[in-house]
Amino acid sequence: MSKSTHKSLKQQAALKTFTSSLLTGAVGLGLAIYLHYKLSEQGLNPSLLSDFVMFYGIAIVVILVFAALFAFLNHRTLASSLDDIQQISHALPLLSAKKYDDAKVIFDNIKDEFTLVEVEELRATSLQLARVLEEMDVISVTRRQQVHETSEILRKERDFVKNLLDTAQLFIMTVDADFKITMFNDHGEKLTGYKEQDVLNSDVSRFFPAGNWTEAQTFFHELLEGNINIAQQDSELIDKEGRIRNISWLHSRLESAHTGSQLLSVGLDMTEKKEAEKRIVWLAEHDPLTDLCNRRKFTEEFEKSLRTAIRYKHNNALLFLDLDQFKDINDTSGHAAGDELLKLVAKTLKKVTRFTDLVARLGGDEFAILLPESDDIGAVTLSQKIISELNKIQLEYGSVRHKVSTSIGIVNFPLIDATVHELMGYADLAMYKAKSKGKGTYHVFSPDDETKEQLETRVFWKHQIEQALEEKLFVLHYQPILNITTSKISHYEVLIRMKNPQTGEMRAPAKFIQVAEEVGLIQSIDQYVIKQGVSQLARLQQQGMNVKLAINLSGSVVDAPVLLPLLKKLFKSTNVDPTGLIFEVTETAAVSNFQQAKLMMTAVKALGCQFSLDDFGVGFASFNYMRQLPVDIIKIDGIFIKDLDNNAHDQLFVKALVDVAKGLGKKVVAEFVENPEVLKILDQYGVDYAQGYHIGKPEPHVLKETDWSPNVDLTPFISIQDQSAS
């Protein structure tokens with residue numbers, strides 16, 4: 001309401017009040033005059049006329065005053081109420097603007113005694129409304145804040161779950177009761193190549209091949225019906241690029257108040273694992289260098305072939321190949337050249353054989369070929385072809401050109417009641433028979449052949465070795481080694497003997513060591529000797545004896561990684577002083593795998609042990625190996641010592657060996673010292689130690705005394721070359 005309108009309304013109300021009061025007074029006065037007039041007609045005294053006029057004049061004035069007073073009061077009451085209504089009208093919009101404090105101030109200030117009751121009630125109601133609205137607004141704000149906080153929590157939880165689903169390296173999707181995809185995570189997109197929008201609301205069967213979908217559909221029905229709680233399934237999946245992946249699925253049911261029952265399918269990509277498993281299986285059955293079958297796989301297939309041949313009376317053949325002088329290639333050009341040559345041989349063998357034949361690398365330079373449905377003529381023909389094709393191989397490695405030849409042993413089977421291992425043994429012996437004829441030839445095994453007797457001998461000794469290991473029939477003997485300078489003995493070589501359980505006879509190692517190497521039992525013998533030798537040294541040290549024991553190591557132990565952990569375990573359990581141990585390795589064993597031998601010797605020496613290079617001087621590169629290998633002692637091969645007093649060439653060679661060894665700071669041991677003359681020569685050459693029957697024979701115990709005296713007088717000796725010079 002505008003101010004002019006408000007003012008005009010108050011003026012009109014006052015005017016109407018004044019007019020109505022005036023008219024009311026005028027009517028009443030007129031009526032009084034009229035009654036007085038009628039009475040005066042009946043006998044009015046004229047003298048009273050002036051009093052009459054004065055009286056009524058006063059009455060009119062009074063009427064006018066009261067009319068004006070009523071008008072003023074009505075004007076004030078109405079004006080006050082209108083002002084209050086106007087303020088209330090101005091305050092009400094503040095409520096909608098949520099300015100409750102401002103509105104309440106206005107309502108509290110509206111307290112006028114002239115205000116109408118209705119206006120006061122309106123003010124009170126408006127004030128109550130303001131308070132209610134304020135409380136409701138506070139409640140609303142609180143509720144909105146609570147709802148916001150709850151929504152924020154739910155949003156964070158939703159984002160967390162979504163991030164969890166998207167970042168998890170799992171293929172996760174949900175499926176409704178109609179088998180439509182309702183959710184599809186990021187890893188599913190990466191795995192399949194499809195975007196989420198491309199697969200939502202599409203059939204889930206798209207991710208299951210026909211055979212797997214039948215199984216998955218059965219699981220889905222069972223889950224939706226509540227018959228099972230969870231289902232596991234391995235299935236293939238073809239991605240967008242057409243690649244096949246192996247997925248391990250875990251299906252379960254989800255309950256939702258809004259969407260009803262749904263299915264949750266979580267898939268783990270097993271493709272790489274499956275490929276790794278296949279690779280492991282492949283490696284377990286194949287030689288990684290040549291891609292041929294290995295011994296394990298070949299033996300399995302050989303057994304199947306033998307059973308089939310026996311059952312259906314078929315003729316099969318086995319070829320056993322060994323490359324001639326392959327070690328020379330490794331020695332001259334290194335193992336890389338040897339590996340390259342083995343690959344060429346494998347490639348050639350696969351080229352000349354039938355697809356039904358099985359070619360295998362048994363280890364090292366040994367190969368085997370299984371010929372199903374082949375007679376004697378076929379096996380011989382193939383052998384001749386192999387020898388011819390391998391002769392064509394020429395490997396140029398650096399400035400050296402290598403040629404290949406092979407010796408082949410042939411066995412036709414079934415053969416009487418021979419087992420797979422026996423047939424392999426026959427083929428092995430036939431191969432050695434062929435090798436004895438010269439390079440590049442073959443030999444066919446015959447039951448009447450003398451190789452059968454050799455095999456039977458080897459089988460006999462194999463059983464003897466196994467029995468000796470099991471029943472502890474191996475006995476250690478100790479051969480004394482003389483310190484030539486001090487004529488004292490505090491050094492022994494540990495030698496092994498096999499005890500015959502029936503007769504008590506002690507069998508020399510020459511009878512069984514070679515067989516042990518051939519049948520793979522040499523490592524067991526090595527470990528037996530090491531364990532017994534370390535235990536004996538610990539006992540001698542506990543008795544206060546300051547001795548050293550030299551233990552021989554075979555080439556298989558030098559190449560194997562078992563020596564170092566075995567020694568550490570023994571040293572800890574026996575509390576032995578390892579400086580009393582000397583390990584002897586032959587030059588041949590040390591250089592067969594030179595780098596491995598060097599690493600092994602360095603590691604063992606770090607424990608406190610020493611190394612001796614046995615049979616020194618036989619190899620063509622002895623001086624080079626003596627310089628490179630971390631050995632402490634050089635043991636000159638007995639072939640140069642036993643006739644030293646009668647052979648000028650041996651004297652020259654031994655003197656040179658000693659001078660070089662001394663120049664490199666090595667101690668020198670001479671074995672096969674059989675007479676005092678040889679001992680005297682060694683003393684003059686500066687050899688440190690002597691070993692042989694003249695010094696002492698191997699005995700099952702060490703000597704109680706360290707002093708040694710010769711049995712005969714040693715006369716001064718003049719070497720042959722000195723005699724020539726004089």
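Helices (H or I, at least four residues) and strands (E, at least two) are DSSP runs, numbered from the N terminus. S18 and S19 (residues 633–636) pair in the parallel sense over three bridges. Two strands count as paired if DSSP finds at least two bridges between them. The model is predicted: local features need pLDDT of at least 70, side-chain atom pairs count only at pLDDT 80 or more, and totals for chains, interfaces and linings use all residues. Residues are numbered from 1 along each chain as its sequence is written, and side-chain values use heavy atoms, with hydrogens and water left out.

S18 also pairs with strand S17 (residues 581–586), in the parallel sense and over five bridges. Here Val585 stands opposite Leu613 in S18. S18 itself (residues 610–616) is mostly covered, with five of its seven residues buried. Buried means under 20% relative accessible area, exposed over 50%, and partly exposed in between (1.4 Å probe, protein chains only).

The axes of helix H18 (residues 563–574) and helix H20 (residues 594–605) come within 10 Å and cross at roughly 15 degrees. Axes are lines fitted to C-alpha atoms, for helices over the stretch in contact, and angles run from 0 to 180 degrees between N-to-C directions. H18 and H20 are therefore roughly parallel to each other. Angles under 35 degrees count as roughly parallel, over 145 as roughly antiparallel, 65 to 115 as roughly perpendicular and the rest as oblique. Leu563, Leu564 and Leu567 of H18 make the contact with Met600, Ala603 and Val604 of H20. Contact means heavy atoms within 4.5 Å.

Strand S11 (residues 406–413) and S12 run parallel and are joined by four bridges. Ile408 has Tyr442 in S12 as its bridge partner.
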